[in-house]
Amino acid sequence: MDFRFTGQEEAFRREVDDFIQRELPANWTEETLYWPGGYGTIPDFEEINPATEIFRRKLAEKGWLAISWPEEYGGAGRTHIEQAIFHERISYYRATGPDIGTLISGPAIMRFGSDEMKREWLPRIARGEIRFWLAYSEPNAGSDLASIKTSAVEDGDDLVINGQKTWSSGAHTSDYAWMAVMMDPDAPARKGISLVIVDNKSEGITIRPIINILGLHSFNEVFFDDVRVPQRNIVGEKNQGWYYLMVALDFERLVVAIGGMRRTLEELIQYVKGTSRNGQALSCDPLIQDKLAELAIEIEVADMFFWQTAWMLDRGLLPNIEASVLKLATTELSWKLANTAMEVMGPYAQLERGSKWAPLGGRVCTGYLDCISALVGAGTSEIQRNIIALRGLGLPWS
Ligand SMILES: Cc1cc2nc3c(=O)[nH]c(=O)nc-3n(C[C@H](O)[C@H](O)[C@H](O)COP(=O)(O)OP(=O)(O)OC[C@H]3O[C@@H](n4cnc5c(N)ncnc54)[C@H](O)[C@@H]3O)c2cc1C
């Protein structure tokens, strides 16, 4: 096996690196609170620092929000390996760019949408003109997503939607919901669900904030009261939404911050080299050496899964079990990275951004809280293990 990049891939990696270093707001990498794998600092990107929006527009101009999409839909027509190279670099610099539209909704529309739907939505997503939020979870439907109750009833050319979604990340900063609805509650399990795109500006939508563990407004609960949506916004065929959802969830699980994890490990190594306790550098402590070596091994393993999934996509294969393995490995790694940093840095790790004594710009303190989110979002670790056991190992459903 040979994991080396081709000459073209190496050149693209350098081009991306140069671009990010030139265009990303000064000091962004040091100042952002973003923790690799965490969901909770989304507002840090989208509200607190509007400069990142300018960066995102520049990415869109290059077609880099949708690197592996065909050029006819506004993409850069590159390979999935090149897309992975881009994501690895973006996360290494803790930068922003591709989002739910480019990473989840767009690829699902490309696979399942009609030609008309592709023409209508894909170029706008690729240009970064519109943003999506994921409207799947409900108060009584999280892991058991098939039990959603939000209904969509056909009425002429429209659907009329009633119900509630929750934990809706970024619903307040997005333009459209990428939404799972129940169209046929009498159908056998999972056969009555459809996927539909809903305009946030539609009458009857109420968005209420939920404040996350970091004290930031990153997600919401969203109510739908007689919301009318054109039936042409149904993705693919009606009542086939469960299958589309599963594939869209696999796309979501491929979005991992492998570069950010590597960078955080590098910073931890710098920290232990530059910090002494009781007259001795932390880097000389064999317990600390063990912990950092363990992290390095796990990052290397996650890295292999990361490139494997890109390689599969380039061959027309759909990573399914692999998506769950990658999601599980990287989110548990995100948690371990934060916990190791806490152990190594001791009480200093609890200092927040603003304190001159806060290591890593206060990111460990927020990362320790934020890393929990990824163990739950996009399907909990337990659910990923179930998928691996059932689909990967062929074990029976219990
Ligand atoms: C930060 C964050 C952002 C999120 N963003 C979004 C979003 O944008 N859009 C959206 O739709 N949803 C979002 N979610 C919701 C997320 O998808 C759900 O929280 C998740 O699927 C779990 O569902 P639940 O919270 O209802 O927990 P439950 O499903 O009630 O699970 C509770 C516990 O039981 C365990 N469990 C449940 N079923 C099984 C089983 N069969 N086998 C073993 N263990 C099981 C779970 O692992 C968990 O530990 C977000 C969640 C978080 C934390």
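**Ligand shell**

I looked up which domains the shell around the ligand draws on: at least three residues come from each of domain 2 (132-241) and domain 3 (250-392). The domain bounds come from an automatic or database domain assignment. This is a predicted model; local features need pLDDT of at least 70, side-chain atom pairs count only at pLDDT 80 or more, and totals for chains, interfaces and linings use all residues. Residues are numbered from 1 along each chain as its sequence is written.

I counted 20 residues around the ligand. A residue is near a molecule or strand if its C-beta atom, placed from the backbone, lies within 6 Å of it. The closest are Tyr 136, Gly 142, Ser 143, Ser 373 and Thr 380.

Next I sorted the shell by class and found nine nonpolar, 10 polar and one charged. Here Ala, Val, Leu, Ile, Met, Phe, Trp, Tyr, Cys and Pro count as nonpolar, Asp, Glu, Lys and Arg as charged, and the others, Gly among them, as polar.

Which elements each supply at least two residues of the shell? I noted strand S1 (132-135), helix H12 (363-376) and helix H13 (381-392). Helices (H or I, at least four residues) and strands (E, at least two) are DSSP runs, numbered from the N terminus.

I then checked the loop between H12 and H13, where Ala 378 is found. Phi of Ala 378 is near 60 degrees, a positive value in a residue other than glycine. Ala 378 counts as buried because it has 23 C-beta neighbours inside 10 Å. The cut-offs: buried means 20 or more other C-beta atoms within 10 Å of the residue's own, exposed means 12 or fewer, and partly exposed is in between, with C-beta atoms placed from the backbone.

**Domain 1 against domain 2**

I listed the division of the protein chain: domain 1 (7-126), domain 2 (132-241) and domain 3 (250-392). The C-alpha centres of domain 1 and domain 2 lie 25 Å apart. Their contact takes 14 residues from domain 1 and 15 residues from domain 2. Two residues are in contact if their C-beta atoms, placed from the backbone, lie within 7 Å.

On the domain 1 side, helix H3 (42-48) and H6 each supply at least two residues. H6 gives the largest share of that side, seven residues. By class, I get eight nonpolar, five polar and one charged residues there.

**Helix H6**

I followed H6 (residues 100-112) along its length. It bends by about 30 degrees at Gly 106, and a proline, Pro 107, follows within four residues. The bend is the angle between axes fitted to the seven residues ending at a position and the seven starting there.

How many of the 13 residues of H6 are buried? I find 10, so defined by the neighbour count. Among them are Ile 100, Leu 103, Ile 104, Gly 106 and Pro 107. What covers the buried residues includes helix H7 (115-126), S1, strand S4 (176-182) and helix H8 (241-253).

I also checked the loop between helix H5 (80-92) and H6, where Arg 94 is found. Its phi is near 55 degrees, a positive value in a residue other than glycine. Why does Arg 94 count as buried? Because it has 25 C-beta neighbours inside 10 Å.

I looked up the pairing next; two strands pair if DSSP finds at least two bridges between them. Strand S2 (residues 151-155) and S3 pair in the antiparallel sense over five bridges. Glu 154 has Leu 159 in S3 as its bridge partner. S2 and S3 form a hairpin with two residues between them, and Gly 156 in the turn has a positive phi of about 60 degrees.

S3 (residues 158-165) also runs antiparallel to S7 (residues 217-230), joined by seven bridges. Asp 158 stands opposite Pro 230 in S7.

Strand S6 (residues 205-211) is joined to S7 by seven bridges, again antiparallel. Arg 208 has Glu 221 in S7 as its bridge partner. S6 and S7 form a hairpin with five residues between them. In that turn, Gly 215 has a positive phi of about 80 degrees.

**Val 222**

I picked Val 222 in strand S7. It counts as buried because 24 C-beta neighbours lie inside 10 Å. Not counting residues up to four places away in sequence, Val 222 touches Ala 135, Gln 164, Lys 165, Ser 168, Ala 171, Ile 205 and Ile 207. Val 222 and Ser 373 are 151 residues apart in sequence and 19 Å apart in space, C-alpha to C-alpha.
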